[in-house]
Amino acid sequence: MDDLAKDWFRTKFDRMAREKIGTEYQDFFADVMEQCYPNGEFGRVRPWGNEGDQKCDGYLVSTQTVFQVYAPNELTEAETIHKIHTDFDGAVEHWPDELKQWIFVHNSFPGLSANVEHEINGLRTHYPTITISTWSPADLQAHVFRLSQSKIETLLGFPPTREGMSNLDFEMVQSILDHIAKMIPTPSSDLRPVPADKIQINCLSSCAQTLLQAGMQQVKQVEMCLNLDQDPLYGDKLAVAFTARYQALRLQGLLPDDVLTELQKFAGGPDILSTQRSCGILAVIAYLFERCDIFERTSHLSANQ
């Protein structure tokens with residue numbers, strides 16, 4: 001796996017983990033675990049009749065581990081502590097002979113509070129025969145990156161690669177532009193030159209920088225396609241459409257890297273089924289980043305916008 005694919009996978013995982021809550025995050029967790037532990041070693045658990053899920057969202061046979069997933073829209077300290085005690089006590093009751101390890105899986109990127117950690121340490125003291133731990137999104141991502149690239153693609157999609165960017169052809173770029181041409185643009189856009197420090201101004205990560213710099217290698221391909229288009233204003237219309245989409249994403253309060261991921265989806269459609277298409281999308285996004293107003297030109301953007 002080359003560095004470009006790896007950085008694309010990182011940004012895609014972060015976006016997916018941030019946007020999924022509740023049962024969607026639970027399903028995402030189970031999808032990852034089934035790839036990591038195939039052939040029935042890991043089993044996802046669903047509520048069933050009057051028995052419910054018996055305080056278990058997944059079970060790993062080899063280590064006799066019960067997983068409990070908690071992914072609310074906003075994780076609060078009091079509710080998290082209550083959830084931990086309720087689910088752990090229930091697991092001890094329902095899995096008395098099959099519980100050697102208990103893992104609390106959560107969706108908080110910043111981590112858990114000190115008081116929550118104190119509560120977990122209290123459980124470890126009272127139940128010394130059970131290994132008790134927590135998994136953050138970073139822990140789940142670490143499991144993803146232990147997989148082969150083909151399995152990661154099953155979970156996250158097809159990434160651009162260095163080889164794919166080098167071999168990007170005219171027809172692929174043109175097909176992406178044809179897809180974008182179906183979008184309806186808004187009336188106006190600011191097409192001034194882009195400042196060189198735009199990546200820093202927008203607080204984009206090093207992963208995002210790698211992706212954009214790779215895409216910029218094929219900006220000439222995009223320009224060639226646009227110059228051959230029968231509509232001389234198509235390039236401007238393209239910029240206008242993406243400006244409108246960018247502004248809508250900004251209003252949602254997304255992180256800059258998440259905005260970049262969503263713009264790639266906007267360019268490519270919901271299903272990106274090849275590495276070559278991901279490369280073409282990246283070239284189009286890099287062209288727009290250099291030449292039109294997607295992302296900010298001045299440093300008024302704060303780090304969390």
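In this predicted model, the side chains of Arg44 and Asp27 meet in a salt bridge, with 3.8 Å from N to O. Arg44 belongs to strand β1 (residues 42–44) and Asp27 to helix α2 (residues 23–36), so the pair ties together parts that are 17 residues apart in sequence. A search of the whole structure finds 13 salt bridges.

**Arg44 and Asp27**

- Arg44 has a relative accessibility of 31% and counts as partly exposed.
- Asp27 also counts as partly exposed, at 23% relative accessibility.

**Arg15 and Asp258**

- Arg15 forms a salt bridge with Asp258, and the closest N and O atoms are 3.9 Å apart.
- This pair links distant parts of the chain, with Arg15 in helix α1 and Asp258 in helix α13 (residues 256–268), 243 residues apart.
- Arg15 is buried, its relative accessible area being 10%.
- Asp258 is buried as well, with a relative accessible area of 4%.

- A salt bridge joins Glu262 to Lys265, with 3.4 Å between the closest N and O atoms.
- Glu262 and Lys265 are separated by about one helical turn, because they stand 3 residues apart in helix α13.
- Salt bridges that share partners join Glu262 and Lys265 with Arg15, Arg18, Glu19 and Asp258 into one network.

**Packing of helix α1 on helix α6**

- Helix α1 (residues 3–19) packs with helix α6 (residues 149–156) at an angle of about 35 degrees, and their axes are 11 Å apart.
- The crossing of α1 and α6 is left-handed.
- On the α1 side, the contact is made by Ala5, Trp8, Phe9, Lys12, Phe13 and Met16.
- On the α6 side, Gln149, Ile152, Glu153, Leu155 and Leu156 take part.
- The residues of this contact of α1 with α6 divide into 8 nonpolar, 1 polar and 2 charged.

Notes
Residues numbered from 1 in each chain as written. Predicted model: local features only at pLDDT ≥ 70, side-chain atom pairs only at ≥ 80, totals over all residues. Heavy atoms only, no water. Axes fitted to C-alpha atoms, helices over the stretch in contact; angles between N-to-C directions. Helix = DSSP H or I, 4+ residues; strand = E, 2+ residues; numbered from the N terminus. Left-handed = near helix turned anticlockwise from the far one by under 90°. Contact = heavy atoms within 4.5 Å. Nonpolar A, V, L, I, M, F, W, Y, C, P; charged D, E, K, R; others polar. Salt bridge = Lys/Arg side-chain N within 4 Å of Asp/Glu carboxyl O. Buried < 20%, exposed > 50% of the residue type's maximum accessible area, 1.4 Å probe, protein only.
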